[in-house]
Amino acid sequence: MTGFEISFQDELKRKPFPEALSQAADLATGQVLHGLDGLDGTVADAMRYAVVGGKGLRAFLAIESARLHGISAAQAAPAAGAIEALHGYSLVHDDMPCMDDDALRRGQPTVHAKWNEAIAVLAGDALQSLAFELVARAGCSDAARVALVSGLAQAAGVRGMVGGQAMDIAAETAASPLNLAQITELQGGKTGALIGWAATVGPVMAGDDPAPLRNYAQNLGLAFQIADDILDIEGDAATVGKALGKDADAGKATFVSLLGLESAKQQAHELIRTACDALDVYGTDADTLRDAARFVIARKS
């Protein structure tokens, strides 16, 4: 028993951000691939293809927020797998011709480009279903598990990601570009909702107050989108792994077009400072999450 307790305490020690990110990404991908064990055919192949090669930031947030609340990676792994499966589904559908019409994702052909649109629809649908299958296996109380499932449904649906995507599509044909408040609301759903769910996995599983991590995630999500908008202007397509400049070419409002490039960069830094301040309740044990926040606006892809 003593050996187990030492091992468990070692597992809960804080790791450097690059190590924690890599381990969370591998753990989440493993959960998804395990969920597809024994399944052959094109749809299953497309599902596997769609979840490999991502940064795993959302999985990291789930695992790291769990660690902060005394929950092991093994207990939180199903939630990490769930958020990456759901994120994968959103990208597969978002890349399709009826939405963003992208042929490249993570430096590889998108699912509909590699296979066809029907396979992309089905693979995305199946990844969404798998996400809920996985999160239902989280190692926590029944009440916490229900809260995770319910929260993921809201974050993914019309109150969250899908609602933000709908606003984004509507903006393409709107009579005038969106203003800053509307862009903030749009991105709070499209990008921020899943980040918010992932970052509060730990307190929800533990039955603790999610407010500090919710505040952290809200600021992190907006900074993440501003960084994406900046990459769309300054990034290298080969490094980013997808086409750039599409929003500008389409005349769509972004944080950069509304604030200007330098002001957008300043705003992103302010958001990250606020996000890091929200973690004060955790002391230095949250430094890996602080490093993750800084990574969000320093990344090149």
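When one helix lies across another, the crossing is called left-handed if the near helix is turned anticlockwise from the far one by less than a right angle, and right-handed if clockwise. Keep that in mind as we walk through this model, which is a predicted one.

Let's start with a pair of helices. Two packed helices are described by the angle between their axes and the distance between the axes. Here, helix H11 (residues 192-199) packs against helix H13 (residues 211-234) at an angle of about 145 degrees, and their axes are 8 Å apart. The crossing of H11 and H13 is right-handed. So who does the touching? On the H11 side you'll find Ile 195, Gly 196 and Ala 199, while H13 brings Leu 213, Ala 217, Leu 220, Gly 221 and Phe 224. Sort the residues of this contact by class and you get six nonpolar, two polar and no charged.

Now hop over to Ser 65, which sits in helix H4 (residues 57-68). Is Ser 65 buried or exposed? Its relative accessibility is 0%, so Ser 65 counts as buried. Leaving aside residues up to four places away in sequence, Ser 65 touches Ala 198, Ala 199, Thr 200, Val 201, Gly 202, Pro 203 and Leu 213.

Last stop: the second largest pocket, with a volume of about 510 Å³. It is lined by 21 residues, and the closest to its centre are Ala 155, Ala 193, Gly 196, Trp 197 and Arg 214. H11 and H13 turn up again here: along with helix H8 (142-156), helix H10 (180-190) and helix H12 (201-206), each supplies at least two residues of the lining. By class, that lining has nine nonpolar, 10 polar and two charged residues.

Conventions: Residues are numbered from 1 along each chain as its sequence is written. This is a predicted model: local features need pLDDT of at least 70, side-chain atom pairs count only at pLDDT 80 or more; totals for chains, interfaces and linings use all residues. Side-chain values use heavy atoms; hydrogens and water are left out. Helices (H or I, at least four residues) and strands (E, at least two) are DSSP runs, numbered from the N terminus. Buried means under 20% relative accessible area, exposed over 50%, partly exposed in between (1.4 Å probe, protein chains only). Contact means heavy atoms within 4.5 Å. Axes are lines fitted to C-alpha atoms, for helices over the stretch in contact, and angles run from 0 to 180 degrees between N-to-C directions. Ala, Val, Leu, Ile, Met, Phe, Trp, Tyr, Cys and Pro count as nonpolar, Asp, Glu, Lys and Arg as charged, and the others, Gly among them, as polar. On a 1 Å grid over the protein atoms alone, a cavity is a set of points where a 1.4 Å probe fits but cannot get out, and a pocket is an open set with protein on both sides within 12 Å along at least five of seven lines; lining residues have an atom within 4 Å of a point. Grid points are joined across faces, edges and corners, and a volume is the space filled by probe spheres set on the points.
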